[in-house]
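Q: I have a model open here and would like to talk it through with you. Could we begin with its surface?

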Amino acid sequence: MTVRKGSCLCGARAYEIEGEIDGVWMCHCSLCRKATGAGGIAILIVPRAQFRWTRGEDHGVKFVLRESYSMTRCKTCGTPLPAEADEANLYVTAGTLDDPLEAGITTRIFCASRADWDRDVEGVRYCDERRG
């Protein structure tokens, strides 16, 4: 069985996911855009039974923005990990994976809320690193 590891930016929180992951969900809702400061949030929907903390389970702070939306972040570096949780699943931020996923974005949600600038324009440049 496949086990993938992940962690926050500073390494205080780390986890393992056992089993396959269907792919990445990209949420474009205004809450996720504001909470990340980006075009949305890329998440992995992981059944609780497949997720295990290996370090720092108690090193998170939960921000409840409304009854239906919360986000837990590392107390040290602020990495959202996990983004949210419900009774059955954890919504793990895909960018925290340390191991390859070998899958891409399979679902985009709240596309009607997508930022108007969240589009590639004709001639968009793709760079392997930040340009100097």
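A: This is a predicted model, and in it the protein exposes about 8,600 Å², of which carbon and sulfur atoms supply 48%.

Q: What about charge, how many positive and negative side chains are there?
A: The protein carries 18 positive and 19 negative side chains, and the centres of these two sets lie 7 Å apart.

Q: And how many helices and strands does the protein have?
A: There are one helix and ten strands, and, read from the N terminus on, the elements follow the order β-β-β-α-β-β-β-β-β-β-β. The radius of gyration is 15 Å, close to the 14 Å that the globule rule gives for 132 residues, so the protein is as compact as a globular protein of that length.

Q: What does the C-alpha trace span along its principal axes?
A: The trace spans about 45 × 35 × 30 Å along those axes.

Q: What share of the residues is buried?
A: Buried residues make up 38% of the 132 residues. As for the contacts with a separation of 6 or more, residues 24 or more positions apart account for 60% of them.

Q: Is Glu16 buried or exposed?
A: Its relative accessible area is 18%, and because buried means under 20%, Glu16 counts as buried.

Q: Which side chain does the side chain of Glu16 make a polar contact with?
A: That partner is the side chain of Arg52, at 2.7 Å. Leaving aside neighbours within four places in sequence, Glu16 is also in contact with other residues, including Val3, Arg4, Lys5, Gln50, Phe51 and Thr54.

Definitions and conventions: Residues are numbered from 1 along each chain as its sequence is written. This is a predicted model: local features need pLDDT of at least 70, side-chain atom pairs count only at pLDDT 80 or more; totals for chains, interfaces and linings use all residues. Side-chain values use heavy atoms; hydrogens and water are left out. Helices (H or I, at least four residues) and strands (E, at least two) are DSSP runs, numbered from the N terminus. The radius of gyration is taken over C-alpha atoms; the globule rule is 2.2 Å times the number of residues to the power 0.38. Buried means under 20% relative accessible area, exposed over 50%, partly exposed in between (1.4 Å probe, protein chains only). Contact means heavy atoms within 4.5 Å. Accessible areas come from the Shrake-Rupley method with a 1.4 Å probe; for residues, only the protein chains shown count as cover. Lys and Arg count as positive and Asp and Glu as negative; His and the chain ends are not counted. The place of a charge is taken as NZ of Lys, CZ of Arg, CG of Asp or CD of Glu. A polar contact is a pair of N or O atoms within 3.5 Å; within protein, one must be able to donate a hydrogen and the other to accept it, and residues adjacent in sequence count only if both atoms are side-chain atoms.
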